[in-house]
Amino acid sequence: MLPTLQTERLVLRPLVEDDAGAMYLAFRDAELMQWWSSGPHVDETQTRTYLNGTILWSDRKVWAITEDGGEALGYVALGARREGVKELGYLLRRSHWGRGYAREAVAAIIDHGFNAMKLRRIFADVDPDNLPSVELLKRLGFRQEGHLRAEWETHIGVRDSLIFGLLAEEWR
């Protein structure tokens with residue numbers, strides 16, 4: 001079972017299927033989904049299907065970002081890649097941007113990954129034009145390790161991808 005994690009202002013609890021309604025508020029947002037691999041969701045059923053098929057029943061560890069353990073404002077995840085290495089992913093509703101929630105949640109998961117899970121490396125794959133995510137990763141100590149040209153075919157066309165990595169010994 002995935003542990004619930006507490007930060008100064010947030011509670012990160014396991015994401016569950018019942019979070020589909022709250023998560024639909026994020027997944028339907030065209031501006032937020034601009035840099036995602038698929039376009040905005042058209043209804044809550046699409047979000048529920050996505051959560052069930054892509055997130056909840058995969059090898060990912062996925063935490064809901066909440067203020068008090070209740071409504072999911074977004075999520076942060078660590079996806080399995082190989083022993084000791086996980087891929088970081090995150091999404092936060094735009095209504096909660098500018099409060100430092102993404103940084104706080106992602107930092108907590110990085111800390112959990114390196115300390116409790118004993119990972120040696122965490123990496124993230126980001127669209128080069130997703131400047132808020134690029135800046136967040138840099139502020140957390142990630143280094144750009146690669147630029148993959150024409151890597152993803154998305155709802156806005158073929159996109160490049162930046163790979164950022166962080167090693168356990170680099171984490172504060």
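Q: Leu10 has a relative accessible area of 0% and is buried. Where does Leu10 sit?

A: In the loop between strand 1 (5-6) and strand 2 (11-14). Keep in mind that this is a predicted model.

Q: Which residues is Leu10 in contact with, leaving aside neighbours within four places in sequence?

A: Leu5, Ile65, Thr66, Glu67, Tyr101, Glu104 and Ala105 are in contact with Leu10. Now take a pair in which Leu10 is one partner. Gly21 is 11 residues away along the chain, and its C-alpha is separated from that of Leu10 by 20 Å.

Q: How do I read a loop residue in another place? Is Arg93 buried or exposed?

A: Compare its accessibility with the cut-off. Buried means under 20% relative accessible area. Arg93 has 9%, so Arg93 counts as buried. Arg93 is placed in the loop between strand 5 and helix 3. Beyond four places in sequence, its contacts are Ala22, Leu25, Ala26, Leu32, Glu71, Ala72 and Leu73.

Q: And Gly98: buried or exposed?

A: Exposed means over 50%. Gly98 has 83% relative accessibility, so Gly98 counts as exposed. Gly98 also lies in the loop between strand 5 and helix 3. Its C-alpha is 22 Å from that of Pro40, and the two are 58 residues apart in sequence.

Q: How do I read burial over a whole helix? How many residues of helix 1 are buried?

A: Count residue by residue. Helix 1 (residues 20-27) has 6 of its 8 residues buried, so that helix is mostly covered. The buried ones are Ala20, Ala22, Met23, Tyr24, Ala26 and Phe27.

Q: Which residues are buried in helix 4?

A: Helix 4 spans residues 131-139, and its buried residues are Ser133, Val134, Leu136 and Leu137. These four cover an arc of only 160 degrees around the axis, so they lie on the same side of helix 4. The face turned away from that buried side carries Leu131 and Pro132, which are exposed.

Q: What covers the buried residues of helix 4?

A: The cover includes strand 5 (85-92), helix 3 (101-115), strand 6 (121-126) and strand 8 (157-167).

Q: How do I read a pocket? What is the volume of the largest one?

A: Start with the idea. Rolling a probe the size of a water molecule over the atoms shows where empty space is left. Here the largest pocket has a volume of about 1300 Å³.

Q: Which residues lie nearest its centre?

A: The lining has 46 residues, and those nearest the centre are Trp36, Tyr90, Asp125, Asn130 and Ser133. Ser133 is also one of the buried residues of helix 4. Elements giving two or more residues to the lining are helix 2 (44-56), strand 4, strand 5, helix 3, strand 6, helix 4, strand 7 (143-154) and strand 8. By class, the lining of the largest pocket has 23 nonpolar, 11 polar and 12 charged residues.

Q: Last topic: backbone angles. What phi does Lys118 have?

A: Most residues other than glycine have a negative phi. Lys118 has a positive phi, near 60 degrees, and is not a glycine. Lys118 is placed in the loop between helix 3 and strand 6. Its relative accessibility is 64%, so Lys118 counts as exposed.

Q: Where does Ala150 lie?

A: In strand 7. Ala150 is exposed, with a relative accessible area of 52%.

How values were computed
Residues are numbered from 1 along each chain as its sequence is written. This is a predicted model: local features need pLDDT of at least 70, side-chain atom pairs count only at pLDDT 80 or more; totals for chains, interfaces and linings use all residues. Side-chain values use heavy atoms; hydrogens and water are left out. Buried means under 20% relative accessible area, exposed over 50%, partly exposed in between (1.4 Å probe, protein chains only). The arc is that of the directions from the helix axis to the C-beta atoms. Contact means heavy atoms within 4.5 Å. On a 1 Å grid over the protein atoms alone, a cavity is a set of points where a 1.4 Å probe fits but cannot get out, and a pocket is an open set with protein on both sides within 12 Å along at least five of seven lines; lining residues have an atom within 4 Å of a point. Grid points are joined across faces, edges and corners, and a volume is the space filled by probe spheres set on the points. Ala, Val, Leu, Ile, Met, Phe, Trp, Tyr, Cys and Pro count as nonpolar, Asp, Glu, Lys and Arg as charged, and the others, Gly among them, as polar.
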